[in-house]
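I have a new model open and want to get my bearings. These are my notes, in the order I looked things up.

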Amino acid sequence: MFRISQYMRELAAAGATGAYPTVRPRPQKGPQGPVVIWNLIRRCNLTCKHCYALSADHDYAGELTREEVFTVMGDLRAYGVPVLILSGGEPLMRPDIFDIAARARDMGFYTGLSTNGTLIDTPLADRIAAMGFDYVGISLDGLRATHDRFRRLEGAFDRSLQALKLLRDRGVKVGMRFTMTAMNAHDLPALLALMREERIDKFYFSHLNYAGRGNIHRGKDAQFQATRAALTLLFERAWEAAQAGLPEEYVTGNNDADGPFLLQWVQANLPQWAPALAERLAAWGGNASGLNVANIDNLGQVHPDTMWWHHTLGNVRERPFSAIWSDTSDPLMAGLKQQPRPVQGRCAQCHYLPLCGGNTRVRAQQLTGDAWAEDPGCYLEDEEIGAVAAPGSAPHGPRQRITIPIREPIHA
Ligand code: SF4
């Protein structure tokens, strides 16, 4: 996840004080595990076009029981996992979701819920608010016509927007989750306006990833120029909010080139702070799959992140998550934990590699069969990444790298 607002607030503070704020890593006791996105159930009442879980409205056999989930949670806590995002399918279709959420909250996890929102009526909103979720993310893939087409359900937009309002009115921190494609990019400005109008706390912009139904629809993915325009709009929006002191958060996911792209925006608009921002982005380090973010699916299988369901590292029924996650005998995990990652092609030549981490490896693997090939979803030009071929040489010839200090990741 790339936290645009966090950096924009730092830049605003730098402008106000004349010094870029110092950010110290939080002191931590014991190990620091990854954020765990947990797909507790595969069943869903919707069949969205871009669903990576390929869910349907029927039960799936072999899902983790409540007792098994509780056992895993004990291991996750001991391993220092700070955050659980309870997801699906549609997690609210799991009868014991509130038992699981209560346990997570009582054990001290930051507990998030990722839902399509269509099942949330007033009584359920009351229950969610009483539960004390730290955050609830609800997907909106555009305005009414676009969203209902994506979700294949007439009225889905109205129900999801109503859920956002019900939860907002009960003091729950809520966010819109938007996955952009060529088919909904035109709705982004209006959706951002709706967010502000409805006082929604957070906007999560997800780049379409090439997995699940996203893979089938790869040919319809937004073109890179549309991506750049969308990111520029988000930067402007987040900068405006930071300067005005608005409590709006803008984050992105599934394309870590967003970090270097923000650096370029700052170089163009706030050049005096670009070196400090470059250091902060290097401390972030880019893609966190296999490092600071993990996925457990409904069957208990562990994956480097939610887009790697075709690659299983182990099952929590057979080995504790902590043992699976720290095991680097799997070549993919070994590579993801390597610093820098063994990326090839333009990623290997890119001077932004310490900031981006080589981006989303599943995209490279899906397109080329090689998880370490260059990320085909990078929207930066060769000139921008420092990979301009000299006359007469092969494209993407080696170039001198910019030296950017690498620090331990900071968990905001
Ligand atoms: S070329 Fe690769 S490493 Fe460089 S910004 Fe793009 S995805 Fe990241």
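I began at serine 206, whose bridge partner in S8 is glycine 253. S7 and S8 run parallel, joined by five bridges. For the record, strands are DSSP runs of E with at least two residues, helices are runs of H or I with at least four residues, and both are numbered from the N terminus. Two strands count as paired if DSSP finds at least two bridges between them.

Before going on I noted that this is a predicted model, where local features need pLDDT of at least 70, side-chain atom pairs count only at pLDDT 80 or more, and totals for chains, interfaces and linings use all residues. Residues are numbered from 1 along each chain as its sequence is written.

**S8 and its other neighbour**

I then looked at the S1 side of S8. S1 and S8 run antiparallel, with two bridges between them. Phenylalanine 2 sits opposite threonine 252 there. Is S8 enclosed or open? S8 (residues 249-253) is largely enclosed by the rest of the structure, because four of its five residues are buried. Buried means that 20 or more other C-beta atoms lie within 10 Å of a residue's own; exposed means 12 or fewer, partly exposed is in between, and the C-beta atoms are placed from the backbone.

**The whole sheet**

Next I traced the strand order. I found an open sheet of 11 strands with mixed pairing, in the order S1-S8-S7-S6-S5-S4-S3-S2-S9-S10-S11. Its edge strands are S1 (2-3) and S11 (314-315), each pairing on one side only. I reminded myself that strands of a sheet pair through backbone hydrogen bonds, either parallel or antiparallel.

For the chain, I listed 17 helices and 11 strands. Of its 412 residues, 47% are buried. I also checked contacts, where two residues touch if their C-beta atoms, placed from the backbone, lie within 7 Å. Among contacts between residues at least 6 apart in sequence, 72% join residues at least 24 apart.

I moved on to S4. What covers most of my interest here is burial: five of the six residues of S4 are buried. S3 and S4 run parallel and share four bridges. Along that pairing, valine 83 stands opposite tyrosine 110 in S4. The chain goes from S3 through H3 to S4, a β-α-β crossover that is right-handed. Right-handed means that, with the strands pointing away from the viewer, the path from the first strand over the helix to the second runs clockwise.

H3 (residues 97-106) lies across S3 (83-87) and S4, and runs at about 170° to S3. That angle is taken between N-to-C directions on a scale from 0 to 180 degrees, with axes as lines fitted to C-alpha atoms, for helices over the stretch in contact.

On the S5 side, S4 (residues 110-115) and S5 (residues 135-139) pair in the parallel sense over four bridges. Leucine 113 has valine 136 as its bridge partner in S5. Threonine 115 is opposite isoleucine 138 in S5. With H4 (residues 122-131) between them, S4 and S5 form a right-handed β-α-β unit.

I looked for cis peptide bonds. One joins glycine 88 and glycine 89, with omega about 25°. Glycine 89 is in the loop between S3 and H3. Another joins glutamine 339 and proline 340, with omega about -5°. Proline 340 is in the loop between H13 (331-337) and H14.

Then I checked positive phi values. Arginine 152 has a phi of about 55° although it is not a glycine. Arginine 152 lies in the loop between H5 (144-151) and H6 (156-169). It counts as exposed because it has 11 C-beta neighbours inside 10 Å. Arginine 199 also has a positive phi of about 55° without being a glycine. Its loop runs between H7 (188-197) and S7 (202-207). With 14 C-beta neighbours inside 10 Å, arginine 199 counts as partly exposed.

**The ligand**

Last, I asked which residues are closest to the ligand. A residue counts as near if its C-beta atom, placed from the backbone, lies within 6 Å. H14 (345-349) and H15 (353-356) are the elements that give two or more residues to this shell. By class, the shell has 10 nonpolar, two polar and three charged residues. Here Ala, Val, Leu, Ile, Met, Phe, Trp, Tyr, Cys and Pro count as nonpolar, Asp, Glu, Lys and Arg as charged, and the others, Gly among them, as polar.
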